[in-house]
Structure formats: structure tokens, C-alpha cells
Amino acid sequence: MRNQLKHYINGEWTESTGSEVIEVINPATEEVMGKISSGTEEDLDKAVKAARAAFPAFSRSTKEQRIEWLEKIVQGYEARKEELIEVMTDELGAPLSVSEEVHYPMGLGHFKQAIDSLSDFSFTEERGGHTLLKESIGVSGLITPWNFPTNQLSTKIASAIAAGSPVILKPASKTPFAAIIVAEIIDEAGLPAGAFNLVNGSGSVIGNGISSHPDIDFVSFTGSGGVGETIMQKAAETKKKVALELGGKSPVVVLDDANVEEAAKTAISHITKNTGQVCSAGTRVLIPESMKEEFEQKVVEFLPNYPVGDPRKEGVATGPLVSEDQWETVQSYIEKGENEAKLLVGGAGKPEGLPTGYYAKPTFFTDVSNDSVIAQEEIFGPVSVIITYSDVEDAIEKANDTKYGLAGYVVGQDPVQLSYVASSIRAGRIVVNNAETDFNGPFGGYKESGIGREWGDFGIEEYLEVKSVHGMPTS
Ligand code: TAP
């Protein structure tokens, strides 16, 4: 059992002022794996005061000093690799291989990238008639979701440290333990007291408190659109800046010269990796009418190669969903899909032999209309839809016929067509033929997928204000 009933405030693990606890459930066993404190407004207030007090010195720290802190965090993160992998498997249900190959390196990648980006970053620029100064935005509140326990908090924390902005982190209460390990790592890296604070608790108390707190200057949130909207409304009261990384319903455009086997594997990996609980997952497959039948056959043939099961068991590709609520939501969408379209593979209920744990069947629907509920709403589970198109213009129109714009994927061979489709999709990140992730590539959404960008130098900019100084003395 993992218990951490303290918050990390002003450089110390500090008793909560409240007595309520939140139980954290292992989604594979449905058992309580640990407890955290349900923080209070008083706890949050203490953390904000500590961050405010840290601000003057932290915001004036040198680039070299920030790089040194980030390097120590990288070393600490690497030293706790095994523990991070295990904890993410237990709290999220990610198979050990996914924790090791996806979650662990993504968390690490952002800290390393911040060092690279900071090395080349200029906080002062001469622009003819004025000097531009980039200065810390102030105290930043970070609210993170459960689906990538270290990725989202790492990109936010790394960028904030690079910018010299003190933070208060509120991790998702479903997956707090990886965040607690990261806090221990930061503690050992020797940041000034108050520069990093972690307050555990519910979204309704701590998340809400961060959004409306008059002494917090900026909120960076990743999660659902509904909560994003609430945060914007609350933040409006104190006119604070808000960055939102929300959901998506990203298209996978399969061009007519694509290798159909590769295209089927790509589509499958989007809903099996992390059990489809990925904001940028490609869950709308757009396929030429002429390729539909062969593509469907390949999906049905290859899907058993991505087995669902105990995330601690070797060979398992797909773990459970994070919680019972998430399981219920996914089931209701599968049931809707059964009325709206043709079930190709998968379906409602638990996979055979897995009565315990929040397991769902990886599911593909076909003959799907782009305006149906399952084609328009983010399901956040192992469910994908196959939609046909007549020509490339039709594919682009359908790809963009969504309120979201987080990501898009293109699979094919002709470089002219690939570039044309990549530049025509209205989304913040496009991946052509499963290209590798570049941690310096900005991440964020068009349309209702969000506001702002994270990762790399664009991520650092979010935690900065710009000041124009006219008549700055030159010596
Ligand atoms: P959210 O409810 O959006 O939770 C994300 C974070 O916001 C958590 O830390 C949560 O705290 C906090 N929060 C909740 N209510 C808040 C409020 N009123 N003010 C400020 N913060 C608040 O997401 P979820 O419940 O974890 O998942 C629900 C759906 O959101 C999913 O089905 C999926 O569609 C979407 N989602 C999207 C993403 C990304 S990356 N775009 C990630 C996760 C989920 P608690 O953990 O304490 O509730």
C-alpha cells in the first residue's frame, strides 16, 4: 500500500489541514492501492504564499542555474526508473511495456528538452526601437489528468522551471503516485523552497481553488473540455491567463497508395496503446471506398495480436481503463455505436476471462457516418470508427468536420499528396507515416482542442510575459 497523506509545500512534506483522504484504485484489481490527502483551500493557500515568496529570487535565477536544476531532475528521474514504471502500471493500468516505452520516456523527454531549449533561449531581444524582455509570468497553477501520469506534469514543470515561474501542481486524484515520486525527485534537485509545490486533492476543491485564486497568475490545464470551460470561467474573475490542452477526435487519413497492412496496424495501435486513453489518438479512420473491405479484413486479422489483459503480464498490449466510471462511459458509447453503425469487431462488455478489472474490448465500427455521435464525440477508450471517402478533397473535408483540432495522421506514399493532406488538416500536430516524436515540436490544439502550446521552446513561452522597454540604456 502506498500512502502519502502530506502535501509538498515550501520545500517540505507538510501535514494536510484537512482529515479527508482519497483512495486510489488499481484498475486491474479494483483494489485500493494507496491513499492521498484530500487537500483543503487552506493547504492551497499555503502553497500559493510559498510560491509568491519564492517568485522574486526564482524569477531572477540565471539560465545556468535553471539548467543545473533540470539536469539534477533528469538524473533523479533516471535513478527512479523502475519505480516510476511500476507505479504507472499500478495506478493507470498501463502494461509494463507501455509504462517503460511510452510513459517513462515521455516524462523524461520533456525535462531533457527543456535543457536543450533553454540553452538556446534568449530572454532579451533588441528589436530596433525597443528592447524586448521575456520575464516569468508569475505563480502558475498546473492541473493534470490521469491518462499520462508523468508526461503532462513534466512538460508543464520543465517549462515553468526554464522560465523561472514557481508552480503549484495538482495531479489527477486517480493517478497521484507518479506525481509524488516526481515531487520527491524535485525535492532532491535543490530548487529554492516554494518554487515547486504539490497539493493533492479533488478537482472541485484544489482545481477550482487554483482557477480562482487571486495570487495565481496563470493556469495550465490538461483534461476534459467541460472542466476546461469551468476553469476559463473561474479564471475570468481574476483575469488570469489560461492554457488548455483538451480532447480530440483525430483523423487517420489513409491515402489510396498506402500499404493497407501498415494502415490497419496504425489504426489499431491508436486504440490499443494506453487503452485508447490518449487525447491525440487517431480514432476516426478515413479510408478510400475502394480499400474499405481489405482494410476491414486486416483490422480483424491483426487485432488479436494486441491482447487485452493484466498489465503486469508479459505480452499484454492493452490494459484496463482507468476507472469504473471510464468503463461505463466507454460502454455507453459502444452501445450507441451498435445503433448507429455496423460493429466490425469488439463490442460491449468485458473481454472473455477478465471479470475483474475495468477491461473493455478493442472495438471498430464500420459504415460510420461522420456526423454520428461515435464519429464526433471523444470516447477516450479503445474504440475507433471507419469512414469512407470518395477523393482527397472529401477526405480533407471529413477530417476537418469536427469541433476538435488536436492532431491528425496521414498514411501513404506520394510525397505531394502526403504534404497536401498534412497542411490541409486543421490541427496542431500532424504525424506522417508514424514519424517519431520530436520533443521540441509544439503540442496543442486548434478549435475546441485547446488554447496555447506545450513542449520545447513554445512551452517555455507560455510561462513568460513579454515587456517592451523603450530607451533601454545600452551600458
Ligand atoms: P477531468 O475531469 O477534466 O480532470 C482533469 C484534471 O482536472 C484532474 O486533475 C481533475 O481533478 C481536475 N478537475 C476536475 N474538476 C475540476 C474543476 N472543476 N476545476 C479544476 N480542475 C478540475 O478529466 P477526467 O475526469 O479525468 O476525464 C474525463 C474525460 O476527460 C475523459 O473521458 C476524456 O474525454 C477527457 N480527458 C482528456 C484528457 C486530455 S489529455 N485531453 C485527459 C484526461 C481526460 P480530479 O482528478 O481530482 O478529478
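User: Which strands does helix 9 lie across, and at about what angle does helix 9 run to strand 16?

Analyst: Helix 9 (residues 260-272) lies across strand 13 (250-254), strand 14 (282-288), strand 16, strand 17 and strand 19 (407-411). Helices (H or I, at least four residues) and strands (E, at least two) are DSSP runs, numbered from the N terminus. Axes are lines fitted to C-alpha atoms, for helices over the stretch in contact, and angles run from 0 to 180 degrees between N-to-C directions. The angle of helix 9 to strand 16 is about 125°.

User: Helix 10 packs on the sheet too; which strands does helix 10 touch?

Analyst: The direction of helix 10 (residues 292-302) makes about 50° with that of strand 15. Contact means heavy atoms within 4.5 Å. The strands touched by helix 10 are strand 14, strand 15, strand 16 and strand 17.

User: What are the conventions behind these values?

Analyst: Residues are numbered from 1 along each chain as its sequence is written, and side-chain values use heavy atoms, with hydrogens and water left out. This is a predicted model, in which local features need pLDDT of at least 70, side-chain atom pairs count only at pLDDT 80 or more, and totals for chains, interfaces and linings use all residues.

User: Which strands stand at the edges of the open sheet?

Analyst: The open sheet has seven strands in the order 15-16-17-14-13-19-20, with mixed pairing. Two strands pair if DSSP finds at least two bridges between them. Each edge strand has a single partner strand, so one side of each is left without a neighbour in the sheet; the edge strands are strand 15 (342-345) and strand 20 (429-432).

User: What does the twist average from one strand to the next?

Analyst: Within the sheet, strand 16 (residues 363-366) and strand 17 (residues 383-389) pair in the parallel sense over three bridges. From one strand to the next, the twist averages 25°.

User: Why is strand 7 described as largely enclosed by the rest of the structure?

Analyst: Strand 7 pairs in the antiparallel sense with strand 23 (residues 464-469) over six bridges. Three bridges join strand 7 to strand 6 (residues 124-126), also antiparallel. Strand 7 (residues 131-136) is largely enclosed because of its buried residues, which number five of the six.

User: Is Thr 155 buried or exposed?

Analyst: Thr 155 is found in helix 5 (residues 151-163). Not counting residues up to four places away in sequence, Thr 155 touches His 110, Glu 454 and Trp 455. Because its relative accessibility is 3%, Thr 155 counts as buried.

User: How far is the backbone nitrogen of Trp 455 from a polar atom of the side chain of Thr 155?

Analyst: A polar contact is a pair of N or O atoms within 3.5 Å; within protein, one must be able to donate a hydrogen and the other to accept it, and residues adjacent in sequence count only if both atoms are side-chain atoms. For the Trp 455 backbone nitrogen and the polar side-chain atom of Thr 155, the distance is 3.3 Å.

Conventions: Buried < 20%, exposed > 50% of the residue type's maximum accessible area, 1.4 Å probe, protein only.
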